[in-house]
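Please examine the sequence and the structure shown below.

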Amino acid sequence: MLMTILSILANISYFVVLNMNLYTDRAIMPTGEVREWHRSPITRLNLAGQSFLIYLQMVLAAVSMLTSILFLFGVRSKTLRTIQLVSVIGSTIVFILIMIVTSNSHVNYA
């Protein structure tokens with residue numbers, strides 16, 4: 001029961017952090033002025049052309065939350081528990097990977 005609630009809260013907090021403006025990008029414009037943008041990890045991944053990580057995170061979080069909700073409503077199955085555990089671990093790993101990739105990514109400007 002505690003694991004199901006923690007997995008729901010973890011996935012919600014992952015999406016909150018992924019939507020926060022954590023990064024500042026600076027670029028020198030042709031006029032010589034420095035322009036500054038505040039971006040979230042999701043925006044930065046989209047601009048860098050690596051949006052597949054966002055979709056992978058959403059799929060794993062959706063599976064994790066769905067199985068957690070099923071457990072809260074009383075569905076008990078060893079297979080369901082395994083799926084929930086794998087999706088929670090996968091969601092956490094992809095979240096950490098997204099944070100590492102966005103901190104080291106360079107934005108592609110068109």
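This is a predicted model: local features need pLDDT of at least 70, side-chain atom pairs count only at pLDDT 80 or more; totals for chains, interfaces and linings use all residues.

The mean pLDDT of the chain is 89, and 96% of the residues score at least 70. Helix α3 (residues 52–72) has the highest confidence, at a mean of 94, whereas strand β1 (residues 23–28) has the lowest, at 83.

The chain contains four helices and two strands. Read from the N terminus, these elements follow the order α-β-β-α-α-α. The radius of gyration is 18 Å, well over the 13 Å that the globule rule gives for 110 residues, and the chain is therefore more spread out than a compact globule. Along the principal axes, the C-alpha atoms fill a box of roughly 65 × 20 × 15 Å. Of the 110 residues, 35% count as buried. The chain exposes about 6,900 Å², of which carbon and sulfur atoms supply 70%. Among contacts with a separation of 6 or more, 59% are between residues 24 or more positions apart.

Attention now turns to the charged side chains. The chain has three salt bridges. In one of them, D25 pairs with R39, with the closest N and O atoms 2.7 Å apart. Because D25 belongs to strand β1 and R39 to strand β2 (residues 34–39), this pair ties together parts that are 14 residues apart in sequence. Both D25 and R39 are buried. D25 also forms a salt bridge with R44, where the closest N and O atoms are 3.3 Å apart. This second pair links strand β1 to helix α2 (residues 41–48), across 19 residues. R44, like D25, is buried.

The remaining pair consists of R26 and E36, whose closest N and O atoms are 2.9 Å apart. R26 lies in strand β1 and E36 in strand β2, so this bridge ties together parts that are 10 residues apart in sequence. Through shared partners, salt bridges join D25, R39 and R44 into one network. As to accessibility, R26 is exposed, with a relative accessible area of 58%, while E36 is partly exposed, at 40%.

Which residues make the nonpolar surface patch? M1, L2, I5, L6, L9 and L72 form this patch, which covers about 590 Å². Helix α1 (residues 2–18) contributes the largest share, four residues. I5 is placed in helix α1, and because its relative accessibility is 37%, I5 counts as partly exposed.

Notes:
Residues are numbered from 1 along each chain as its sequence is written. Side-chain values use heavy atoms; hydrogens and water are left out. Patches are made of residues with over 30% relative accessible area and no salt bridge: like charges are joined within 9 Å, nonpolar side chains (Val, Leu, Ile, Met, Phe, Trp, Tyr) within 5 Å. Accessible areas come from the Shrake-Rupley method with a 1.4 Å probe; for residues, only the protein chains shown count as cover. A salt bridge is a side-chain nitrogen of Lys or Arg within 4 Å of a carboxyl oxygen of Asp or Glu. Buried means under 20% relative accessible area, exposed over 50%, partly exposed in between (1.4 Å probe, protein chains only). The radius of gyration is taken over C-alpha atoms; the globule rule is 2.2 Å times the number of residues to the power 0.38. Contact means heavy atoms within 4.5 Å. pLDDT is the predictor's confidence in each residue, from 0 to 100.
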